Amino acid sequence: QAYTAGLDWAIIADVDLTTNPTAVQEIDVTGLSVFQVIVDRIVHTASCQRVMQFSTNGGSTWFSTSGNYARTSVDGILTNTASIGFHFTSAAAARSGNITVYQPGGGIEAEVYSQAPSELVQFLASTDAINRIRVFGGTTASGSPTAGTMTAGRIQVWGWR
């Protein structure tokens, strides 16, 4: 779907992890052509990165294998990953980040912009529409959630159809 001038962003999710601690937070993004995921001062019980993965079948399965995503360095070199990082240094203390996802449809791969290293991340695993995301503590290399819980901070998702 093409951008429509004057189209307002809508809040899709606003999760307060202080009152709702969880190991993994899933959010439905069905029908969104652009969405922004903000992790704000998320504390985790383990030292890890805050990361995100995609599903195209409502969360029945997740793209969690190295090569499903690839970070593009400033030199244009792709590095395969198993998830998308909001930041790249493991820590239990509060960490923040911002990722914007553009999925134009029509067989075109979704493009992802991560504010953390100011780099493009490509979603290489599918051209199907992303309809669910999950945010958790882990690493971009492993693709699996780290044992522990997100105990404070906020996850917000904004988007437009």
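## Thr72 and its surroundings

In this predicted model, Thr72 is in contact with Ile77, Leu78, Glu119, Leu120 and Gln122, leaving aside its neighbours within four places in sequence. Thr72 has a relative accessible area of 16%. Because the cut-off for buried is under 20%, Thr72 counts as buried.

Thr72 lies in strand 5. That strand, residues 69–72, runs antiparallel to strand 10, residues 119–123, and four bridges join the two. One of the residues involved is Ala70, whose bridge partner in strand 10 is Gln122.

Strands of a sheet pair through backbone hydrogen bonds, either parallel or antiparallel.

## The nonpolar core

The largest nonpolar core has 28 residues. Phe35, Phe54, Ile133 and Ile155 are the residues with the most contacts inside this core. Two or more residues each come from strand 1, strand 3 (34–44), strand 4 (49–55), strand 8 (95–102), strand 10, strand 11 (132–138) and strand 12 (150–160). Strand 3 gives the largest share, four residues.

Not counting residues up to four places away in sequence, Phe35 touches Trp9, Val29, Phe54, Ile99, Thr100, Val101, Gln103, Ile130, Ile133, Val157, Trp158 and Gly159. Two residues in that list, Phe54 and Ile133, are also named with Phe35 as having the most contacts inside the core. In soluble globular proteins, nonpolar side chains tend to be buried together.

## The chain as a whole

The chain has twelve strands and zero helices. Its radius of gyration is 15 Å, close to the 15 Å that the globule rule gives for 161 residues, so the chain is as compact as a globular protein of that length. The C-alpha trace spans about 40 × 35 × 30 Å along its principal axes.

Of the 161 residues, 42% count as buried. The accessible surface of the chain is about 7200 Å², and carbon and sulfur atoms account for 51% of this area. Among contacts with a separation of 6 or more, 74% are between residues 24 or more positions apart.

Notes: Residues are numbered from 1 along each chain as its sequence is written. This is a predicted model: local features need pLDDT of at least 70, side-chain atom pairs count only at pLDDT 80 or more; totals for chains, interfaces and linings use all residues. Side-chain values use heavy atoms; hydrogens and water are left out. Two strands pair if DSSP finds at least two bridges between them. Buried means under 20% relative accessible area, exposed over 50%, partly exposed in between (1.4 Å probe, protein chains only). Contact means heavy atoms within 4.5 Å. A nonpolar core is a set of buried Ala, Val, Leu, Ile, Met, Phe, Trp, Tyr and Cys residues joined through side-chain atoms within 4.5 Å. The radius of gyration is taken over C-alpha atoms; the globule rule is 2.2 Å times the number of residues to the power 0.38. Accessible areas come from the Shrake-Rupley method with a 1.4 Å probe; for residues, only the protein chains shown count as cover.
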